[in-house]
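Here's a quick briefing to read with the model open beside you. Have a look at the fold, then go through the points below.

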Amino acid sequence: MVETVHEYYTQQSILPTHGEFMSKDAMDKYERMRREIFTQRLHLPAQLFRDSDLIEFGPDSGENAVVFATWGANCTLIEPNRNAHAVIKEYFKRYGLSSRLTALEGCDVLQYGKTHPGVAEFDIVIAENSLFTLRPAASWISVVARLLRPDGMLMFGYMDAYGGFLELLTKAIHARIRRTTEQDAVSAATSFLGPKWDTIPHKRTLEAFVMDVLENPFTRLQYLMEPVSISRSMH
């Protein structure tokens with residue numbers, strides 16, 4: 001039984017969100033999608049990242065970090081799964097952004113907080129899907145609060161206790177199909193998710209989704225967050 005989500009990822013043969021972008025056109029398309037999310041949905045201009053000092057916890061293969069660097073951010077990346085480091089470095093080199101990769105370290109947020117006593121070092125802290133399994137939440141909140149400069153910005157993603165219902169339901173259906181048909185995990189997922197998956201614009205494979213969500217031991221109700229409680233904790 002693994003104790004942390006990054007330990008689970010380290011044991012896998014694939015990276016959970018690796019888009020495997022092999023051309024500038026593919027990366028440019030992804031940058032446009034991310035720009036739309038930030039500017040039209042979150043109402044945050046890309047110029048916000050220009051010349052900012054940014055730290056990202058759990059960048060995985062680094063596609064999002066490459067976009068931030070394209071927008072002008074100086075990126076410190078904290079990725080405990082060292083299997084992703086070569087991919088990250090290659091991406092930054094391929095797109096001429098190596099000077100924007102300030103640091104790349106193989107630890108988690110709590111380890112980083114212990115080994116880096118500095119305060120108010122970053123304009124932006126990003127953790128799109130790497131903090132919600134850590135308990136108690138105050139452990140990582142205190143690290144983030146110390147790292148942010150005055151008027152800095154934290155952006156983090158989490159599994160919502162109510163919005164995550166569909167993921168948990170899909171996970172339950174998948175487990176039942178596996179038990180009933182004795183199929184492997186990917187075949188079972190393909191049998192009922194394949195047609196829908198093919199209609200969704202995404203950057204990762206169904207195999208990665210199976211590993212990251214359907215088979216992930218941390219996609220459980222006990223790790224889902226409720227926005228009011230997490231907001232109170234941060235306050």
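Is Phe-21 buried or exposed? Phe-21 counts as buried, because its relative accessibility is 9%, under the 20% cut-off. Keep in mind that this is a predicted model.

**Aromatic rings**
- There are 14 aromatic pairs in the structure.
- One of them joins Phe-21 and Tyr-30 in a tilted arrangement, 5.3 Å centre to centre with 45° between the planes.
- Tyr-30 is at 7% relative accessibility, so it counts as buried.
- Phe-218 and Tyr-223 make a tilted pair too, at 5.3 Å between centres and 55° between planes.
- Both Phe-218 and Tyr-223 are buried.
- Phe-38, Phe-49, Phe-68 and Trp-71 come together as one aromatic cluster.

**Salt bridges**
- The count comes to eight salt bridges.
- Lys-24 and Asp-28 meet at 2.9 Å, N to O, and they sit four residues apart in helix α2 (residues 24–41), about one turn of the helix.
- Lys-24 is exposed, with a relative accessible area of 55%, whereas Asp-28, at 25%, counts as partly exposed.
- Asp-53 and Arg-149 form a salt bridge at 2.9 Å, N to O.
- That pair ties together distant parts of the chain, with Asp-53 in strand β1 (residues 53–57) and Arg-149 in strand β5, 96 residues apart.
- Asp-53 is partly exposed at 25% relative accessible area, and Arg-149 is partly exposed at 28%.
- Glu-215 and Arg-178 pair up at 3.2 Å, N to O.
- Here too the link is between distant parts of the chain: Glu-215 is in the loop between α9 (206–214) and α10 (227–234), and Arg-178 is in helix α7, 37 residues away.
- Glu-215 counts as partly exposed at 33% relative accessibility, and Arg-178 is partly exposed with 30%.
- Through shared partners, salt bridges join Asp-53, Asp-123 and Arg-149 into one network.

**Strands β4 and β5**
- β4 (residues 122–127) pairs with β5 (residues 148–156) in the parallel sense, over five bridges.
- To get from β4 to β5, the chain goes through helix α6 (residues 137–147), and this β-α-β crossover is right-handed.
- Ala-127 has Phe-156 in β5 as its bridge partner.

**A nonpolar surface patch**
- Phe-165, Leu-166, Leu-169 and Ile-173 form a nonpolar patch on the surface, with about 390 Å² of accessible area together.
- Leu-166 belongs to helix α7 (residues 165–181).
- Its relative accessibility is 57%, so Leu-166 counts as exposed.

How values were computed: Residues are numbered from 1 along each chain as its sequence is written. This is a predicted model: local features need pLDDT of at least 70, side-chain atom pairs count only at pLDDT 80 or more; totals for chains, interfaces and linings use all residues. Side-chain values use heavy atoms; hydrogens and water are left out. Two strands pair if DSSP finds at least two bridges between them. Helices (H or I, at least four residues) and strands (E, at least two) are DSSP runs, numbered from the N terminus. A crossover is right-handed if, with the strands pointing away from the viewer, the path from the first strand over the helix to the second runs clockwise. Patches are made of residues with over 30% relative accessible area and no salt bridge: like charges are joined within 9 Å, nonpolar side chains (Val, Leu, Ile, Met, Phe, Trp, Tyr) within 5 Å. Accessible areas come from the Shrake-Rupley method with a 1.4 Å probe; for residues, only the protein chains shown count as cover. A salt bridge is a side-chain nitrogen of Lys or Arg within 4 Å of a carboxyl oxygen of Asp or Glu. Buried means under 20% relative accessible area, exposed over 50%, partly exposed in between (1.4 Å probe, protein chains only). Rings of Phe, Tyr and Trp (its six-membered ring) pair if their centres lie within 6.5 Å; planes under 30 degrees apart count as stacked, over 60 as edge-to-face and the rest as tilted.
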